[in-house]
Amino acid sequence: MSRASKITLACTSLAAVGTVVFVHFGQRWEKAGMHAGVIRDMEQQRVKKERQADFEMQKALEEEYRKIQTVHDGAGGEAKGGG
């Protein structure tokens with residue numbers, strides 16, 4: 001085998017190995033990014049449920065307080081609600 005053919009074989013072999021390694025690590029990084037996206041989505045859903053529960057609790061409290069307190073409209077008009 002000539003010297004030029006050995007160099008060509010070595011270069012193409014290194015290029016092939018480099019490509020395989022690059023693709024392998026690229027897939028790992030992509031998988032890690034996708035996993036991080038799933039974790040982030042789960043956290044966002046948890047926060048959304050928590051905020052919805054807080055909103056519903058505040059709404060229930062507001063309705064309860066409106067039943068037991070007299071509320072004025074600020075213009076000196078009649079009282080609204082019971083109490």
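**Reading the terms in this model**

User: Why is Arg46 called partly exposed?
Analyst: Its relative accessible area is 41%. Buried means under 20% and exposed over 50%, with partly exposed in between (1.4 Å probe, protein chains only). Arg46 falls in between, so it counts as partly exposed. This is a predicted model, in which local features need pLDDT of at least 70 and side-chain atom pairs pLDDT 80 or more, while totals for chains, interfaces and linings use all residues. Residues are numbered from 1 along each chain as its sequence is written, and side-chain values use heavy atoms, without hydrogens and water.

User: How do you know that Glu43 and Arg46 form a salt bridge?
Analyst: Their side chains meet at 2.5 Å, N to O. A salt bridge needs a Lys or Arg side-chain nitrogen within 4 Å of an Asp or Glu carboxyl oxygen. The pair therefore qualifies. Both residues lie in helix 1, three residues apart, about one turn of the helix. Glu43 is partly exposed at 38%.

User: Which helices and strands does the protein have?
Analyst: One helix and two strands. The pattern along the sequence is α-β-β. Helices (H or I, at least four residues) and strands (E, at least two) are DSSP runs, numbered from the N terminus. Helix 1 covers residues 3-68.

User: What makes the pair of Phe25 and Trp29 tilted?
Analyst: The whole structure holds one aromatic pair. The ring centres of Phe25 and Trp29 are 6.3 Å apart and the planes stand at 35°. Rings of Phe, Tyr and Trp (its six-membered ring) pair if their centres lie within 6.5 Å; planes under 30 degrees apart are stacked, over 60 edge-to-face, the rest tilted. Phe25 and Trp29 are four residues apart in helix 1, about one helical turn.

User: Is Trp29 buried or exposed?
Analyst: Exposed, with a relative accessible area of 62%. Phe25, at 36%, counts as partly exposed.

User: Which residues make the nonpolar surface patch?
Analyst: Val17, Val21, Phe25 and Trp29, over about 420 Å². Val21 lies in helix 1 and is partly exposed at 40%.

User: What share of the protein is buried?
Analyst: Buried residues make up 1% of the 83 residues.

User: Where is confidence lowest, and where highest?
Analyst: Strand 2 (residues 79-80) is lowest, at a mean of 54, and helix 1 is highest, at 95. This is pLDDT, the predictor's confidence in each residue, from 0 to 100. The protein averages 89, and 89% of the residues score at least 70. Where pLDDT is low, the predicted coordinates should not be read in detail.

User: Why is Met1 called exposed?
Analyst: Its relative accessibility is 74%. Met1 lies in the segment before helix 1. Leaving out residues up to four places away in sequence, Met1 touches Lys6 and Leu9; contact means heavy atoms within 4.5 Å.

Key
Patches are made of residues with over 30% relative accessible area and no salt bridge: like charges are joined within 9 Å, nonpolar side chains (Val, Leu, Ile, Met, Phe, Trp, Tyr) within 5 Å. Accessible areas come from the Shrake-Rupley method with a 1.4 Å probe; for residues, only the protein chains shown count as cover.
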